[in-house]
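Please look over the sequence and the fold below before reading on.

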Amino acid sequence: MLGRRCIYLSPLIPLIWGCTVPVARNLDELSANHVAVALEQGGVPAAKENDAQNEGKWLISVQRSDASYALGVLSREGLPTRERLGVAESVAQGSLVPSMQSEQARLLAGLAGDLERTIASIDGVASARVHLATQTSDPLIDPNDHVVASASVLIRHHGSELSVQPDSIRRLVAGAVANLAPDHVVVITTPVSAKPMSQRKMAPFGPFAVARESLGGLRLVAGGFVALNLSMLLLVIVFWQKVRNNAIGQSPKHKPRSHESW
């Protein structure tokens, strides 16, 4: 009896704990971490889960009531960033009839993607873009042709300052590209603009407005309160059923009335 009633109440569990929706999916683990951190800093509780539709990828989900606000936070932060292919992936997509120029362009694109991933893994970095300008000369065409390699790096970061010095970024990029001097690497850093606290800390909770940092705890308390009341109601029903069955079992049995002969 108790098991059947628990089964009947099981569809109410999603209603008790709320409904979540994905706001970003098909992410690698680094991008998923950046999205989750940005949402948490914006006051939106977020969950990182395996993406069932994309093997080896992740998705970020939030409460349905927070979805529109979460999408606004991600739009402001420029997240999730578009994933660039690394050297291994770029080389694997070679053409059937490769040329030296196409292979060089593909190699540079993959190298830029690897550098972006490395820079994005630095604490406080929201996103990074790397542009490489270099070319392999063909000595058979013009032995005097020589192109000076250069690079440009754009970094968006949290906080007022980047956690590493731009010189370290220059050395990092120059060390990964052949014939690239650190002096020929331009690094531009820009902080991510934060939304005013008064606009991002309040969230609706029924007819009330509460701090977003407290929203998750309030939902948990409210869900636990509803679950406790349902459990108590179930116990009362079971107890009443037992008392009723005992009362029926202990009641005197009435003998059937004999038929009178006419």
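What follows is a walk through strand pairing and then through charged residues.

This is a predicted model, in which local features need pLDDT of at least 70 and side-chain atom pairs count only at pLDDT 80 or more, whereas totals for chains, interfaces and linings use all residues. Residues are numbered from 1 along each chain as its sequence is written, and side-chain values use heavy atoms, with hydrogens and water left out.

Three strands form an open sheet of mixed pairing, in the order E4-E5-E6; strands here are DSSP runs of E with at least two residues and helices are runs of H or I with at least four, numbered from the N terminus, and two strands pair if DSSP finds at least two bridges between them. Strand E4 (125-133) and strand E6 (185-191) are the edge strands, each pairing on one side only. Neighbouring strands of this sheet are turned by 10 degrees against each other on average, direction ignored. E4 and strand E5 (residues 150-157) pair in the antiparallel sense over eight bridges, and leucine 132 stands opposite alanine 151 in E5.

Helix H7 (residues 166-176) lies across E4, E5 and E6 and runs at about 135 degrees to E6, where contact means heavy atoms within 4.5 Å and angles, from 0 to 180 degrees, are taken between the N-to-C directions of axes fitted to C-alpha atoms, for helices over the stretch in contact. Within helix H7, aspartate 167 and arginine 170 lie three residues apart, about one turn of the helix, and their side chains meet in a salt bridge (2.5 Å, N to O).

The structure holds four salt bridges, a salt bridge being a side-chain nitrogen of Lys or Arg within 4 Å of a carboxyl oxygen of Asp or Glu. In another of them, arginine 25 meets aspartate 51 at 3.1 Å, N to O; this pair links distant parts of the chain, with arginine 25 in strand E1 and aspartate 51 in the loop between strand E2 (46-50) and strand E3 (58-63), 26 residues apart. Arginine 25 is partly exposed, with a relative accessible area of 33%, while aspartate 51, at 4%, counts as buried (buried is under 20% relative accessible area, exposed over 50%, partly exposed in between, with a 1.4 Å probe and protein chains only).

The side chains of glutamate 29 and lysine 48 also meet in a salt bridge (3.3 Å, N to O). Because glutamate 29 lies in helix H3 and lysine 48 in strand E2, the pair ties together parts that are 19 residues apart in sequence.
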